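Hi,

Here is the structure I promised to send over. Have a look at it first, and then read on for what turned up when I went through it.

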Amino acid sequence: MDFLRPASWEEALAAKAEHPTAVPIAGGTDVMVEINFDHRRPEYLMDLNRIGELYEWEVGEDSVRLGASVPYTRIMEHLRAELPGLALASHTVASPQIRNRGGVGGNLGTASPAGDAHPALLAAGAEVEAESVRGCRRIPIDAFYTGVKRNALAPDELIRAVHVKKADGPQQYSKVGTRNAMVIAVCAFGLALHPTTRTVRTGIGSAAPTPVRAKAAEDFLNAALEEGGFWDNGRIIAPSVAKQFADLCSAACNPIDDVRGTASYRRHAVGVMARRTLTWTWESYRGTEGAAFRKGGAA
Amino acid sequence: MPNGVPTKITQGSRTKGGIGESTLRPDGILKVTGEFAYSSDMWHEDMLWGQILRSTVAHAEIVSIDTGEALATPGVYAVMTYDDLPTEVKNYGLEIQDTPVLAHGKVRHHGEPVAIVAADHPETARRAAARIRVEYRELPVITDEASATAPEAPLVHENRTDHHIGHVPHPNIVHRQPIVRGDVAEARGRADVIVRGEYHFGMQDQAFLGPESGLAVPAEDGGVDLYVATQWLHSDLRQIAPVLGLPPEKVRMTLSGVGGAFGGREDLSMQIHACLLALRTGKPVKIVYNRFESFFGHVHRHPAKLYYEHGATREGKLTHVKCRIVLDGGAYASASPAVVGNASSLGVGPYVVDDVDIEAVALYTNNPPCGAMRGFGAVQACFAYEAQMDKVAKELGMDPVEFRQLNAMEQGTLMPTGQPVDSPAPVAELLRRVKAMPMPPERQWESSEGPDVRQLPGGLSNTTHGEGVVRGVGYAVGIKNVGFSEGFDDYSTAKVRMEVIAGEPVATVHTAMAEVGQGGVTVHAQIARTELGVGRVTIQPADTQVGSAGSTSASRQTYLTGGAVKHACELVREEVLDKGRRKFGSYHPAWATAELLLERGKVVTDAGEVLADLVDVLGDEAVELEREWRHRPTEPFDLRTGQGNGHVQYSFAAHRAVVEVDTELGLVKVVELACAQDVGKALNPLSVAGQIQGGTTQGLGIAVMEEIVVDPRTAKVKNPSFTDYLIPTILDTPTIPVDVLELADINAPYGLRGIGEAPTLSSTPAVLAAIRDATGLELNRTPVRPEHLTGT
Amino acid sequence: MRVNFTVNGRPQEADDVWEGESLLYVLRERLGLPGSKNACEQGECGSCTVRLDGLPVCSCLVAAGQVEGREVVTVEGLADHAGQRACGSDAGGTSLDEAKQWQAEGADSQAGEGVELSPIQQAFIDAGAVQCGFCTPGLLVAADEMLEHNPDPSDADIREALSGNLCRCTGYEKIMDAVRLAAARQSEGV
C-alpha cells in the first residue's frame, strides 16, 4: 500500500490520473473501517485532508457550493438556514466524533444506499462537481447514483464540491434506525417544499439499490397542491392526499430484507415518514414562513 | 415489612473507608488517566503478533490445509495447525473437554479456529493467515431442535464420553434436567384459568468493550508467563497447561486489565494460542482480537425457545406451572449443563407453586457456541414466566403487580427443587417499592422551542414530533441463584498480610480474583479496613501465585472472595491480638477480659478504651496467612426429579419500565427503568447502584435491540460488528432510579447477597410488558423489532 | 512511511509505519500511549476518541498518514490540556518510556494518589462512573470537549454529546452524574 499526500487539488487530480485505483480518504469513516476489518487493501490511499479548499463553502445566490470534505458538524452549525434538510440529515449521521470528520463527499463517493446525505440532496436538488485532469463537470444528483455502491464518477475523477440548491421553503429529514443514536439507516426520507417553483421533491435512502426520488409521489402531490390552490391559500392538506402521497412514496421503494430490517417494514416506514415530513413542512409553510412567501407573491 | 434486618457491624465500624461506605475505586486514577494496563495494552520488546485463521463455514470436513505460502511470507515466524500441537491433550472446555484448540478434521461452527500465525506486524500476520489454503467439504448444518433430534440427524460430536451422555435422550442434547414436584395433572383440574405461551429469546452478546487479548512471554525455565484478561485464572490454567504439556507451575498467569466480561471470558479465547506461538518461536506473542473476531472469539447467551403453561384459581392463586425450555448451546458445550440447571431450577420464578413439571435441555448445533452470560439461564426463563404472569393476570382481570404479590415467595417457600428458601425473599416488598416510586412526567419531550427529538422514540433521527407516541408501563420481578450450584466445590482463597510500613500499619490483600470492573478490589480494601482497623490497604495484582478465587461469575465474588478476605483477616486479627496479649497483656487486665477490636490503627476494647497502637503490637514482624473459604455445600439435582438443595443463595430484583412507543414506526424510547433490589448488605452503595444500573441496561438491550443473527440455512453469523449488533447508547438508556433493600442473609458474610445478575433478569420482561401495555400486542419474542410492532 | 505530529504538546515521530495503520495503532503501539482504547475499530464505540486539531474524533478512523503535522490530545494529556485551559500553563505530556512498559505492581488503596487530574477525570472517579474503565478515556475526552463549549449542559445535551461513546458496564447513570458534577464544579470555580 502507498500513501499519497497531495498538497493541492491539482496534485490530487494528477495523482488520481496516474493511479486511478487510488482510494481517496478524507474523513476515513468508511475507508478505515474497511481497512481495519481487512475488507479492503487498496494499492494507494490518497489523503485529501491537506487540501484546504475541500473544507470550505460558499453561499451563492441560488445555491451553496459545499466543499466535499466540509464536516457534517459544520453543516449542522453553519448551514441550517440555507440547507435545512441537509443540516437535519447531518445531525443523524453516526456520532459527534464521526460528524467531525465525515463529509458529503465521502457519502457520495461511497454511494451506499444508506448514506445519510443522499435523501436530503435529492430533495433539495443538487449537482456534484467532479473533476479530473481532463476537466470539470457537474453531475445532476438524479444521475449520480448508478447502482449499489456505484456512482457516475470516472476512475480518474474526484469530487470537489456539491452545489446544493438553497432552500426556498421548508425541508425535513427523517431516518429510521433501531437505536436512538449512532445508527445506520434502516431507511430514510427527505422532503423539500420549493414554493418558488411550486414543487415538492423527495429523497429515499436505504430502501432501494440506490438512493431514489419518489417521482410519482411528487407528481401526484404537485398536481394536488396546484389544483387546490394550496400554495396560495395555505390550507391544510387533506389526510387522504397525505395518505396517497405516503403510499406512492412506499411504492417508490424497492427494498430488500437484511439484518437491519425487512423489505416490508422499510416500505411501511418510508410511507410513515413521508406523511409526517409532509405534515411538518406544510405546517411550517402555512405558518410564518409560508405567509411571507405568499405575501411576497409567488409570481 | 418482610422478615430480615440489616447487618450490624461492630468490629471496624469506626475505621474510615470500611464496609458500608462508598469508598472510591483503588484503580480509579489509573483508569481515568489512561495508565491502567488492559490486556490489549501489553507490550514487550521484540514481541510478535499472533493471528488466528477461522473457518468460513459452519459445518465441514477439512479436506486439506496448506500452510506453505503463509510460512514463506517474510516476517512470519510460525504457522501452526492441529498437527503441531505438542501433546496428546488437544481439547479444552469448562466442564466437558469438547473444544479443539485448533480444528481437527472438522469444523463445527462459523469462526472456529483452524490455524494460527505469528509475525512481526499484525498486518504481516493477517496477510499470512489469508494465504493459508483450507479446503472444506461442507456438511449439512444443525440449527435447531428439530434438525438436532431428527432420526437421521448427523451428530455434532460423535463418540461422546462425557458424564451427561448417559441421561440425555439424544447425542445432540448436551444435558437435560427435569424438575418435577407435586402433580401437575391433578393441579390442572383445580385451575380456573390456564394460559399457554411460546416464547423466543434471541442470542445476546456480552459485548464487553475490551477485546480478547493478552501477551504470552516464554520463560527461561521452558515455561510461559501469560498476561491476560479472564474471569478465572485458575480455571484457565487448568485448561491451558495440559495442552502445552507443561506442569501448572510453569504456566504463570497474571491478570491484566479486564475491559468487562459479563460471562464472555469464562471460556478460553486466545490464551492457548498465544502460549503455543510463544513457546514455538521463543518470543513474546501478543494477540488482540478486533471487534469482528471478538464476535467469534467468545460464547454468547443461549438463545432459547420456551413453552409455558400456567394455571390459576379465580382468586388468583397459581395452581401449577408446566414448562419446557430449549436452549441452543451451539457447537461446543461450554457452560451449557450449568445453564440448563439454572433455567430449570429457576424456571417458575420467585413464586409459590406447589405443582411443577419443568424440563430444560441444551442442544448441540452448528450455531455459535453459547455459554455464560450475566443471568445465566435465569434470564431466558424470567422473560417467559413474567410474560405468562401478565397474561394470567389479564385473564383473571387482576392487577399484574397484585397478582404477583399474591403468589410471591417468601422466606420458607419451597423451590420446585424442594429446597427451602432459608433467607429473606422480599419479592412482594420489592414490587411494592418499585411501584411506589414516583412516575416520570408525561411528554417530557415538549419544550417551548418545540419537540426535543432526543427525548422521543427515534431520538436524533427525527422520526416523530409526538405523532403515534403512546406510553406504556410494565413490571417484572426475578430470582437468580448466587454462587456455583449443584454440588460444585465452590471456594475462594485469600492471602492477607499485616505489617508496619513507614510507621503505619498496612494490610496487603492478595487474591486471584478477576477484577473485571465490578469493583471487587474496592470491596476487598474495605473489608480489610473493617476487619483489621487500618487505613492503608494494598491490593496485590491477581495471579496464580495464590490459590484459586473461583470465577468472577454467578454474582459470587463479593460473597466468596469477599468472604475469603474477611475470613483471612479475622484470623490475622486473632494472631495480632495474640501478639498483643503476649507483649502487653500484663500491663492491662482488659487484654484478657474484654472483647478486643482493631480500630483506626489501634487495639481497643469494645468500650472504646485504647490498649495499644498496632505499630507497637506488630513491631517489625509481619503477620501473614493464606486461607481457603467455602460457602455452604450444595447438592446436585436428581437427574429424574430435579429435587435437591442445589443452590446456596438467591437474589431478587424487581423493575418498573416506562416506555414510549412510536406505534406507527415501531420505535421505542425507554423513559425510565426503576429497580428495587434486596442486596442483603450494601458493602459499597455506590458500586451497588452501578451494578444495578449496568445490569438493568443490558436487560434493556436484549429487550429492544441486541441480537446476534444467525442465518438458519448456513449457520453463519450475519452481524458480527458494532454497526449491526447494537447495544444501548446513552440516548437509549433512561434514568434508572434504584431502591436498595438490605435484609441480611445470616449465612453470608455481613449478610450480603450477590447482586450483579438479578437486575439483568427482570429488566427485559419489564420493558416488554411496558411495550405490550402501550401497543396491546402479544410480543412473544425478544428483542422486539420495529417489524414486530408494526406487523410488517 | 514516517509520520511527524504533536501529541499532548510534544513533537512525536513514528517510523516504519504501515500505510494502513490508524492513528490509534500508532498511539498505542508505536508511541507508548495506550490510553486511547481499541474496542471496535469501526467508529461505533468512541473508546478511541482523541482531539485532532481540537475536535473529538475516533482515532481508529484516522489514517496515520493523515495526522502529519497535526496536533493530537489523548487522555494521557487531558489533565494538562484542562490545566492549560484553566491557567495557560505549559504542556507536560506522558513520556514514551513511562507509558510503554507494563509491570505488575501492587496498587495500594489510592493508586496514583497525588496525580494532577482534570475536573472531568476527578468527577468520573467521585461519581462512580468508572467500572471496567475501557470506555472511560474516550468518554473523558468527549465530555471534556463538550464542557469546553457548553459549560451548563442540559441532560439531553450531555446525552447527545456522549451518544458516540458506548459503555457496557454502568448503564450511563453514573456517567451522567459525573458530567453534571464536573459542570457544577466548573461553574463554582472549584
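**Where the chains meet**

Let's start with chains A and B: 30 residues of chain A are in contact with 31 residues of chain B. On the chain A side, helix H4 (84-91), strand S11 (171-176) and helix H11 (263-286) each put in at least two residues. H11(A) gives the most, with eight residues. By type, the chain A side splits into 14 nonpolar, eleven polar and five charged residues.

Before you go further, bear in mind that this is a predicted model. Chain A has an average pLDDT of 95, and 96% of its residues score at least 70. The stretch to watch is residues 295-299 of chain A, where the pLDDT is below 50; apart from near neighbours in sequence, this stretch has five contacts in the model.

**A closer look at H4 of chain C**

So is this helix buried or exposed? Seven of the nine residues of H4(C) (residues 119-127) are buried, so the helix is largely enclosed by the rest of the structure. The buried ones are Ile120(C), Gln121(C), Gln122(C), Ala123(C), Phe124(C), Ile125(C) and Ala127(C). Their cover includes helix H1 (28-33) of chain B, along with helix H2 (78-87), helix H5 (136-149) and helix H7 (173-188) of chain C. After H4(C) comes Gly128(C), with a positive phi near 75°.

**The sheet in chain B**

Chain B has an open sheet of seven strands in the order S3-S7-S1-S14-S11-S12-S13, with mixed pairing. Strand S3 (76-80) and strand S13 (251-255) of chain B are the edge strands, each with a single partner, so one side of each has no neighbour in the sheet. From one strand to the next, the twist averages 20°. S3(B) pairs with strand S7 (residues 113-119) of chain B in the antiparallel sense over four bridges, and Ala78(B) has Ala118(B) as its bridge partner in S7(B). Helix H3 (residues 122-130) of chain B packs on this sheet, touching strand S1 (48-54), S3 and S7 of chain B, and its direction makes about 30° with that of S1(B).

Val117(B) is worth a click: beyond its neighbours within four places in sequence, its contacts include Gly50(B), Val76(B), Val79(B) and Ala125(B). Val117(B) is also among the residues with the most contacts inside the largest nonpolar core, which has 417 residues. Helix H10 (residues 378-396) of chain B makes the largest contribution to this core, eleven residues.

**The sheet in chain C**

Chain C has an open sheet of five strands, ordered S2-S1-S5-S3-S4, again with mixed pairing. Here strand S2 (10-14) and strand S4 (55-58) of chain C stand at the edges, and each has a single partner strand, so one side of each is left without a neighbour. Strand S1 (residues 3-7) and strand S5 (residues 71-73) of chain C pair in the parallel sense over two bridges, and Val7(C) has Val72(C) as its bridge partner in S5(C). H5(C) packs on this sheet, touching strand S3 (49-52) and S4 of chain C, with its direction at about 45° to that of S3(C).

Cheers

Note on methods: Residues are numbered from 1 along each chain as its sequence is written. Chains are lettered from A and ligands numbered from 1 in the order in which they are written. This is a predicted model: local features need pLDDT of at least 70, side-chain atom pairs count only at pLDDT 80 or more; totals for chains, interfaces and linings use all residues. Two residues are in contact if their C-beta atoms, placed from the backbone, lie within 7 Å. Ala, Val, Leu, Ile, Met, Phe, Trp, Tyr, Cys and Pro count as nonpolar, Asp, Glu, Lys and Arg as charged, and the others, Gly among them, as polar. Two strands pair if DSSP finds at least two bridges between them. Axes are lines fitted to C-alpha atoms, for helices over the stretch in contact, and angles run from 0 to 180 degrees between N-to-C directions. pLDDT is the predictor's confidence in each residue, from 0 to 100. A residue is buried if 20 or more other C-beta atoms lie within 10 Å of its own, exposed if 12 or fewer, and partly exposed in between; C-beta atoms are placed from the backbone. A nonpolar core is a set of buried Ala, Val, Leu, Ile, Met, Phe, Trp, Tyr and Cys residues joined through C-beta atoms within 7 Å.
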